[in-house]
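Dear colleague,

Please find below the structure that I am handing over to you. My notes on its salt bridges follow.

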Amino acid sequence: VIEKRFWDEIRPDLESEFVSETYEQANEQEALVILTEPALDINPIVRGEDFTFELRLFVRPKIDVQGLSELSHKSEPIVVTDEDVLKAIAETREQFSSRDAVEQPAEAGLFATIDATIKNDDGTDYLGPIEAYTVDLGQNSIAAGFDEQVFGMSAGDEKDFTLSLEHGDHKHDVACHVSVSAVLKKILPEVDATFLEKLGFENEADWNADVRTKLAEEAASMARNATRERLMEQLVEANPIEVPEILIEKHAEATRARFRREMLQMGQPEETLDASLEEMAPRFVEEAAKVLRRQVLVESLIIDFDAEAGDEEVQERFREIAERTGMNIARIRSLYDNPERIDQLKGQIRNDKVLDRLLETALENKAQADANPEGSAAKTPATGAPTEAPTTEEPAGERGEDEYASPRNRRL
């Protein structure tokens, strides 16, 4: 009697418990890396019969990475010109510049401290009230055409005007009111003993030499990063992994939502923004597919290269961040004092290790080709790189990327 009375109530709980327990056991046994939420098909429990169900899900496949032996790179010398040094010195003087009030009308190259309101036709704020904001005149940092309206104004002047702003094919008029409290001129510091002492140098020659050294280091770092990214893009193109559409759609929608939120915060009108986002939809999808293809490839290379991130490497990254930012290392550690941020940092470390290995592989391939130009067509994989299976020995459809292009259902 009890079974008949409560069977319909407890059956869903039993089904859920059996599915969860079996799913966890199968996941642990198969060591699956699941990419999507499972689709569940249950045959309801019938007393006296076996309970059966089916889960269908996308899992990360084992990818036989192609194209590693085709990577190649030749290092080029880093050149820092005198013009580069002079430009960097000028930028440093800009950083230590001051602004003095001048009694003259505003013009390009000067600054103006303003209060302003910019409103839509319906009276709502296009941009929030602007108070005591210093504008670098000529840059149009507030809105296109705004600075030109300020030209000619002096301290104490007020002005009303209308701007017609363009958003793609749409135009949007806003009503502006601006008052100028000060017109300012930039004053650069003289390169004298006092200024050099503030920078930590005894003389100008030492400062110039230090600037040249740092520019060379920065240029080398930028060239290295650009090369690593180029090699990764080359490898992504060589491995046409097909990503599940549902993952692409979710990633594209998340990117679109984040972009929309940022544009609204910057004052973009909602109606024109949404129209622009519709036009940009294919670009969001294309970029999402590219990002996810790269992600799956990097995760496979992490395994192939044994590029995991240990605790000591995390501490070393803390030291690097502290040195680069000038922050106390204890402060850096406190900023990463939660598992999610540590996981993000480890992900960055693993990604960097993969990119470094790709660059090493490319340099080794180049060295082998230079040492054996006649036999460069028969390249061997770089040390530590996964061996590429000859395509002639493997039927189409059995390689990792083909398996992923037609994901099989996993029956648990």
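A residue is called buried when its relative accessible area is under 20%, exposed when that area is over 50%, and partly exposed in between. R319 has a relative accessible area of 35% and is therefore partly exposed. Please keep in mind that this is a predicted model.

Side chains of opposite charge can pair when their charged atoms come close. In the whole structure, a search finds 20 salt bridges; a few of them are described here.

R319 itself takes part in one of these, as its side chain meets that of E312 in a salt bridge, at 3.0 Å from N to O.

A second salt bridge joins R317 and D352, with a distance of 3.1 Å from N to O. This pair links distant parts of the chain, because R317 lies in helix α8 (residues 311–325) and D352 in helix α10 (residues 339–371), 35 residues apart. R317 has a relative accessible area of 16%, so R317 is buried. Both residues also belong to a network of salt bridges that links R224, R228, R317, E320, D352 and D356.

K214 forms a salt bridge with D210, and their closest N and O atoms are 3.3 Å apart. The two residues are four apart in helix α5 (residues 204–238), so about one helical turn separates them. Both count as partly exposed: K214 at 45% relative accessibility, and D210 at 24%.

With kind regards

Terms used. Residues numbered from 1 in each chain as written. Predicted model: local features only at pLDDT ≥ 70, side-chain atom pairs only at ≥ 80, totals over all residues. Heavy atoms only, no water. Salt bridge = Lys/Arg side-chain N within 4 Å of Asp/Glu carboxyl O. Buried < 20%, exposed > 50% of the residue type's maximum accessible area, 1.4 Å probe, protein only.
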